[in-house]
Amino acid sequence: MSDPVEGWVDLGLETEFPGLSLAVRECDGPVRADPGVQERLAAIASRIRGRTAIELRREPVPAAYRAFYRQVGLDPDVEMTPVEAAVGRRLVDGGVRTPGPLTDALELAVLETCIPVYALDPGALDGPPGIRPARPGEQLVDADGARRGSPGRLVIADAAGALCWLFGEAHGRGAPGPSTAPILLAAVAVPGVPPMGVDEALDIAAGALGA
Amino acid sequence: MEVLLELEGAPAGPYTRDRQSPQTGEGPARRALRRQVARLECQVADVVCEAFPEALDLGPAPRMPSRVLAMGELEELRDHLVDQLGEARRQLAQLARTQEDARARLERMLLDPASFRGVRISQRELGEPGCGVWRVAPRLGIIGRMMGWWQVKISSGCPLAT
């Protein structure tokens with residue numbers, strides 16, 4: 001497991017949003033299921049109530065993501081912030097669903113720190129990843145397999161092009177497979193999120209992956 | 001309800017709706033608008049949390065392009081959040097009045113159950129957690145009904161999870 005490294009942020013965005021950052025850390029892997037992770041997820045799920053989901057937005061870190069969503073043209077009541085989406089999934093599922101160890105690790109990190117962590121396949125990347133606005137004509141593969149473009153919307157990208165929407169999972173190039181090793185973990189911090197929390201989110205995800 | 005906001009460091013005069021980079025001198029105004037948006041978002045969230053478990057109907061937000069918002073768009077968003085906050089506070093005040101009325105009705109019901117035969121007041125109407133319902137019922141069933149023996153009962157709460 002490597003130390004966290006700061007990914008790059010487009011200069012215009014950095015000026016506009018001081019504090020917007022992408023911290024990345026490579027984990028050796030391979031990803032393996034850890035029953036301890038599922039127990040921790042179950043413990044968290046047992047503490048989540050409807051009121052928890054609503055009261056979250058009063059806490060500083062989730063509030064920072066909600067404000068940032070607004071500032072980049074996303075409605076957090078429609079496209080939920082990562083932690084609100086994770087809490088919502090726990091409420092709808094009524095407990096713990098474990099699609100796989102990688103998803104579990106990322107879910108655990110966001111539920112414990114409210115900071116989203118995403119996984120990328122470092123072998124598919126061209127240089128370090130960063131955050132920038134999508135370019136005109138640039139398209140991304142969505143979860144349903146369709147290719148969509150939205151110029152100006154923020155993306156995580158490398159030198160070769162966009163990898164995924166900011167706050168979205170990679171589904172095309174850069175998406176890790178079940179046997180991908182190593183794995184690149186990327187945590188997105190917005191203005192108002194303490195750097196210590198970002199390190200913790202990466203630590204939790206990496207620890208849950210057995211790194 | 002009016003929400004007054006200061007546009008700290010903002011240049012005087014109208015803002016254009018055209019997208020301009022922060023380097024063109026809009027920076028301080030954009031920062032101030034972003035701070036206002038963040039603060040308003042927190043204030044709306046506070047009111048929504050206070051109203052829980054009642055859901056406030058705040059209407060949809062204006063559709064914004066998914067990108068860094070231009071000056072005019074930030075202003076539009078700020079204005080929408082100001083309106084939303086005012087509406088949220090109005091609905092919360094209305095909710096508080098409704099709950100106050102329900103509490104007053106419950107007090108009268110406890111003092112004189114016979115005048116409130118068959119009336120039911122839920123914990124939710126009172127703004128209290130739980131699924132209990134206060135209701136006026138006859139003591140000893142049909143005998144109480146015939147004799148005019150009325151009492152206030154509260155149900156035992158939420159059904160058990162199956």
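Leaving aside neighbours within four places in sequence, with which residues is A:Val193 in contact? In this predicted model, the residues that meet A:Val193 in this way are A:Val61, A:Ala64, A:Tyr65, A:Ile115 and A:Val198. A:Val193 belongs to the largest nonpolar core, which comprises 64 residues. Together with A:Phe68, A:Val117, A:Phe167 and A:Leu185, A:Val193 is among the residues that touch the most other members of that core. Another core, of 23 residues, lies apart from it and includes B:Val47, B:Met64, B:Leu74 and B:Ala88. In soluble globular proteins, nonpolar side chains tend to be buried together.

The interface of the two chains was examined next. Contacts link 24 residues of chain A with 25 residues of chain B, and about 2100 Å² is buried between the chains, 58% of it on carbon and sulfur atoms. On the side of chain A, the most area is lost to chain B by A:Glu16, A:Arg70 and A:Gln71, which together account for 32% of what that side buries. Five salt bridges are found across the interface. In a salt bridge between A:Glu16 and B:Arg34, the side chains meet at 2.9 Å, N to O. Polar contacts across the interface involve ten residue pairs. Helix 1 (11–16), helix 3 (50–55) and helix 4 (60–71) of chain A each contribute at least two residues to the side that touches chain B. Helix 4 gives the most, with five residues. By residue class, the side of chain A that touches chain B consists of nine nonpolar, six polar and nine charged residues.

Several backbone features were also identified. Most residues other than glycine have a negative phi, and most peptide bonds are trans. In chain A, the peptide bond from A:Ala181 to A:Pro182 is cis, with omega near -5 degrees; A:Pro182 is found in the loop between strand 9 (161–165) and strand 10 (183–189). In chain B, B:Phe52 and B:Pro53 are joined by a cis peptide bond with omega of about 15 degrees, and B:Pro53 lies in the loop between helix 1 (27–51) and helix 2 (71–111).

Positive phi values occur at A:Cys114, near 70 degrees, and at A:Phe167, about 70 degrees; neither residue is a glycine. A:Cys114 occupies the loop between helix 6 (101–113) and strand 4 (117–120) of chain A. Its relative accessible area is 10%, so A:Cys114 is classed as buried. A:Phe167 is placed in the loop between strand 9 and strand 10 of chain A. With a relative accessible area of 13%, A:Phe167 is likewise buried.

Definitions and conventions. Residues numbered from 1 in each chain as written. Chains lettered and ligands numbered in written order. Predicted model: local features only at pLDDT ≥ 70, side-chain atom pairs only at ≥ 80, totals over all residues. Heavy atoms only, no water. Contact = heavy atoms within 4.5 Å. Buried area = accessible area lost by both parts, 1.4 Å probe. Salt bridge = Lys/Arg side-chain N within 4 Å of Asp/Glu carboxyl O. Polar contact = N/O pair within 3.5 Å; in protein donor to acceptor, adjacent residues only side chain to side chain. Helix = DSSP H or I, 4+ residues; strand = E, 2+ residues; numbered from the N terminus. Nonpolar A, V, L, I, M, F, W, Y, C, P; charged D, E, K, R; others polar. Core = buried A, V, L, I, M, F, W, Y, C linked by side-chain atoms within 4.5 Å. Buried < 20%, exposed > 50% of the residue type's maximum accessible area, 1.4 Å probe, protein only.
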